[in-house]
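Please walk me through this protein model.

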Amino acid sequence: MAFKIASSPHLTQHNQTHTVMQRVLLCALPGVTVQCYFFGFGTLIQIILAIVVALLCEAAILYCRKRPISTTLNDNSAMLTALLLAISIPPLAPWWVIVIGTCFAIGIVKHLYGGLGQNIFNPAMAAYVMLLIAFPVQMTTWVTPSNIALNPVDLLQSIQFIFTAMPQSNIDAYQLGIDGMSMATPLDTVKTGLSSGLTLHESLQNPIFSDGFPVGWLWINLAYLVGGLAMLKLKLIRWQISVGVLGALFILSSIGFLLSPDLHLGPLVHLFSGATMLSAFFIATDPVTAATSVRGRLIFGALIGVLVYVIRTFGGYPDAFAFAVLLANLCAPFIDYYVKPRAYGHRTSH
């Protein structure tokens, strides 16, 4: 048997890259389905557009690099990157937002470093941060969940809004009437309310909250949790990173809530809001950009959880997983260097 040297991710013969990526895509389906239910066909359109652009962009780059095209495209990594980016942006964002982001993720973050296994940053999250900084208005304005919207947006209207770059005011006027206000994410609503002098209880009286939980986002996070548990069952990911992320976020948010319940959200709201479950299971666990040792993965995940809570609570952005993941990606080599597994037969000196 020949000894083959290859870059990460290191998978067994029964779990080849294309199989793992395919199963991860399937495990994400529950969350994507629930997200489409609450936010309409715009999410599905963004996913299709992102996948098409990702495949075309990767094919073009592989052709220029004189690399095999069909073999690389069949590993499904570009599709997974496109999916993660598409479900992270607002459903009715203009078409050029997802096109620019996908090209950046595939062309710059992935292939500029040599392709799959060589990139140091998570491509989807790097593209998300780039879009958030470059186009803050388009990236922070979400549609109203369908179950509280006066007029939910159907398929044809979603296509019209996305491909004609319809102003958000027009979308709001259609969904909630002429007096409709721009729809921010629930975490952004809470942060804006607190900065305006409102108490946490007053901020949670907004119609986008129900029983203290963001409308729609609770079920979306539960669906991604189901998909994440399925990946653990199938041994597609290791448990340490997800436990580190959720554990650190739960502990810090519990401390903050106990110290000042009028200013800090409770731990369950943190765990089931925004991109928590999606990031903890589908993004932070990327085997290429994460730490590799057992203790290293726990530290890596805990670092993400700490950064998310700090940025959510004290930073300028309502949800912080993209920034937290990228900062942890920078620290992954450092963590692996200082958290090495002890070699078999090692003896400590006395």
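This is a predicted model: local features need pLDDT of at least 70, side-chain atom pairs count only at pLDDT 80 or more; totals for chains, interfaces and linings use all residues.

Across the protein chain the mean pLDDT is 84, and 86% of residues reach 70 or more. One stretch needs caution: over residues 177–182 the pLDDT is below 50. In the model, that stretch has nine contacts beyond near neighbours in sequence.

The secondary structure comes to 18 helices and two strands. The protein chain has 350 residues, and 51% of them count as buried. Consider the contacts with a separation of 6 or more. Residues 24 or more positions apart account for 76% of these.

Start with helix α5, residues 77–86. Nine of its 10 residues are buried, so α5 is largely enclosed by the rest of the structure. The buried set is Ser-77, Ala-78, Leu-80, Thr-81, Ala-82, Leu-83, Leu-84, Leu-85 and Ala-86. What do these residues pack against? Their partners are α1 (17–27), α2 (29–39), α3 (41–64), α6 (95–110), α7 (123–134) and α16.

Take the α1 partner in detail. Two packed helices are described by the angle between their axes and the distance between the axes. For α1 and α5, the axes come within 9 Å and cross at roughly 25°. Angles under 35 degrees count as roughly parallel, and α1 and α5 are therefore roughly parallel to each other. Their crossing is left-handed. On the α1 side, the contact uses Met-21, Val-24 and Leu-25. On the α5 side, Ser-77, Met-79, Leu-80 and Leu-83 meet them. By class, this contact has six nonpolar residues, one polar and no charged.

From α2 come Val-32, Gln-35, Cys-36 and Phe-39. They meet Phe-41, Gly-42, Thr-43, Leu-44 and Ile-47 in α3. The contact of α2 with α3 has six nonpolar, three polar and no charged residues.

The crossing is right-handed. Ser-242, Val-245, Leu-246 and Leu-249 in α14 meet Thr-276, Met-277, Ala-280 and Phe-281 in α16. By class, that contact has six nonpolar, two polar and no charged residues.

The loops come next. Pro-91 sits in the loop between α5 and α6. Is Pro-91 buried or exposed? With 1% relative accessibility, Pro-91 counts as buried, because the cut-off for buried is under 20%. Leaving out residues up to four places away in sequence, Pro-91 touches Phe-39, Gly-42, Thr-43, Gln-46, Trp-142, Val-143 and Ile-162. Phe-39, Gly-42 and Thr-43 are also among the residues at the contact of α2 with α3. Met-139 is 48 residues from Pro-91 along the chain, yet their C-alpha atoms are separated by 9.7 Å.

Ser-273 lies in the loop between α15 (267–271) and α16. Ser-273 is buried, at 1% relative accessible area. Setting aside neighbours within four places in sequence, Ser-273 is in contact with Leu-187, Pro-214, Trp-217, Asn-221 and Arg-312.

Finally, look at the backbone. Most residues other than glycine have a negative phi. Asn-76 is not a glycine, but its phi is positive, about 65°. Asn-76 is in the loop between α4 (69–73) and α5. At 13% relative accessibility, Asn-76 counts as buried. Lys-235, also not a glycine, has a positive phi of about 60°. Its place is the loop between α13 (217–233) and α14. Lys-235 counts as exposed, at 70% relative accessibility.

Notes: Residues are numbered from 1 along each chain as its sequence is written. Side-chain values use heavy atoms; hydrogens and water are left out. A crossing is left-handed if the near helix is turned anticlockwise from the far one by less than a right angle, and right-handed if clockwise. Helices (H or I, at least four residues) and strands (E, at least two) are DSSP runs, numbered from the N terminus. Contact means heavy atoms within 4.5 Å. Ala, Val, Leu, Ile, Met, Phe, Trp, Tyr, Cys and Pro count as nonpolar, Asp, Glu, Lys and Arg as charged, and the others, Gly among them, as polar. Buried means under 20% relative accessible area, exposed over 50%, partly exposed in between (1.4 Å probe, protein chains only). pLDDT is the predictor's confidence in each residue, from 0 to 100. Axes are lines fitted to C-alpha atoms, for helices over the stretch in contact, and angles run from 0 to 180 degrees between N-to-C directions. Angles under 35 degrees count as roughly parallel, over 145 as roughly antiparallel, 65 to 115 as roughly perpendicular and the rest as oblique.
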